[in-house]
Amino acid sequence: MSFHLAPQADLERGITTLGGRRLVFHCHHYNVFLQRTIEDALQERAPRLLVAAGMEASRSMLQGREGEAQSGSAADALRRAADTFAAQGFGRVDVRQLGEGGGRATLDHSHYAVGWVSRWGKRAAPGCFFAAGFLAGAVAVAYRLAPERVTSREIECVAAGDERCSFRVEVW
């Protein structure tokens, strides 16, 4: 079985999948509006929900993709996850400082940070919740960890005025 970076389209059924999971594409306008709606509704509870949703969506997709890859180390799995993230238009994430115990990742040209600033200007706090969840899911899949053992949070964000987006991933 080969490893596909691009989503697979089933034109007869009108379904697009990646890693065996259904996929829907949305622009940054849609995504940041949806995020803002959730943040406005849930207030301080929103970040945790948004990170958890990003983790679960990415973890299940990345598990399917690793089944397609059938080879390589955990570092290879993290690189494939970063390539997948970039190929979907979310930005280029550097995962070289991530390992079995967690670590730090940086993100250039974050879909959410750029989208947020272009729509509403700077935020008071970091806002790349999907990216944080994606990184937690990538570490969980790469090192075959239970998802509840991995957390991630953004510590710097372009949307909050920082020079880059960076994340701390922790494994418990």
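Is Arg 59 buried or exposed? I looked this up before anything else. Arg 59 counts as buried, at 14% relative accessibility. I use buried for under 20% relative accessible area, exposed for over 50%, and partly exposed for in between (1.4 Å probe, protein chains only).

**Ground rules.** I am working on a predicted model, where local features need pLDDT of at least 70, side-chain atom pairs count only at pLDDT 80 or more, and totals for chains, interfaces and linings use all residues. Residues are numbered from 1 along each chain as its sequence is written, and side-chain values use heavy atoms, with hydrogens and water left out.

**Entry: Arg 59.** I placed Arg 59 in helix H2 (residues 46-69). Helices (H or I, at least four residues) and strands (E, at least two) are DSSP runs, numbered from the N terminus. I then checked the side chain. Arg 59 and Glu 56 are joined through their side chains by a polar contact of 2.9 Å. A polar contact is a pair of N or O atoms within 3.5 Å; within protein, one must be able to donate a hydrogen and the other to accept it, and residues adjacent in sequence count only if both atoms are side-chain atoms. Setting aside neighbours within four places in sequence, I found Arg 59 in contact with Gly 137, Ala 140, Val 141 and Pro 147. Contact means heavy atoms within 4.5 Å.

**Entry: helix H3.** I checked the length of H3 (residues 74-87). Its 14 residues should span 20 Å at 1.5 Å a residue, and the end C-alpha atoms are 20 Å apart, which agrees. The expected span is 1.5 Å times one less than the number of residues. At the start of H3, a side-chain oxygen of Ser 73 comes to within 3.3 Å of the backbone nitrogen of Ala 75. Just after H3, Gly 89 has a positive phi of about 90°. Buried residues of H3 include Ala 74, Leu 78, Arg 80 and Phe 85. I traced what the buried residues of H3 pack against: E2, H2, strand E4 (92-94), strand E5 (98-99), strand E6 (102-108) and helix H5 (129-142).

**Entry: the core.** Which residues touch the most other members of the largest nonpolar core? They are Val 139 and Val 150, in a core of 45 residues. H2, H3, E6, helix H4 (111-120), H5 and strand E8 (165-171) each supply at least two residues of this core. H5 gives the most, with 12 residues. A nonpolar core here is a set of buried Ala, Val, Leu, Ile, Met, Phe, Trp, Tyr and Cys residues joined through side-chain atoms within 4.5 Å. In soluble globular proteins, nonpolar side chains tend to be buried together.

**Entry: Val 150 and strand E8.** Leaving aside neighbours within four places in sequence, Val 150 has contacts that include Met 55, Val 139, Leu 145 and Val 169. Val 150 also stands opposite Val 171 in E8. Strand E7 (residues 150-156) pairs with E8 in the antiparallel sense over six bridges. E6 pairs with E8 in the antiparallel sense, over six bridges. There, Thr 106 has Ser 166 in E8 as its bridge partner. Two strands pair if DSSP finds at least two bridges between them. E8 is mostly covered, with five of its seven residues buried.

**Entry: the three-stranded sheet.** I read an open sheet with the order E1-E2-E3 and antiparallel pairing. Strand E1 (8-10) and strand E3 (21-22) are the edge strands, each pairing on one side only. Three bridges join E1 to strand E2 (residues 15-18). Gln 8 has Thr 17 in E2 as its bridge partner.

Entry: Gln 43 has a positive phi near 55°. Gln 43 lies in the loop between helix H1 (28-42) and H2, and is partly exposed at 49% relative accessible area. His 109 has a positive phi near 60°. His 109 sits in the loop between E6 and H4, and is exposed at 68%.

**Entry: cysteines.** How many disulfides does a search of the whole structure find? I got zero. A disulfide is a pair of cysteine sulfur atoms within 2.5 Å. For Cys 27, the nearest cysteine sulfur is that of Cys 128, 16 Å away. Cys 27 is partly exposed, at 43%. The closest cysteine sulfur to that of Cys 128 is in Cys 165, 3.9 Å away, so it is too far for a bond. Cys 128 is buried, at 1%.
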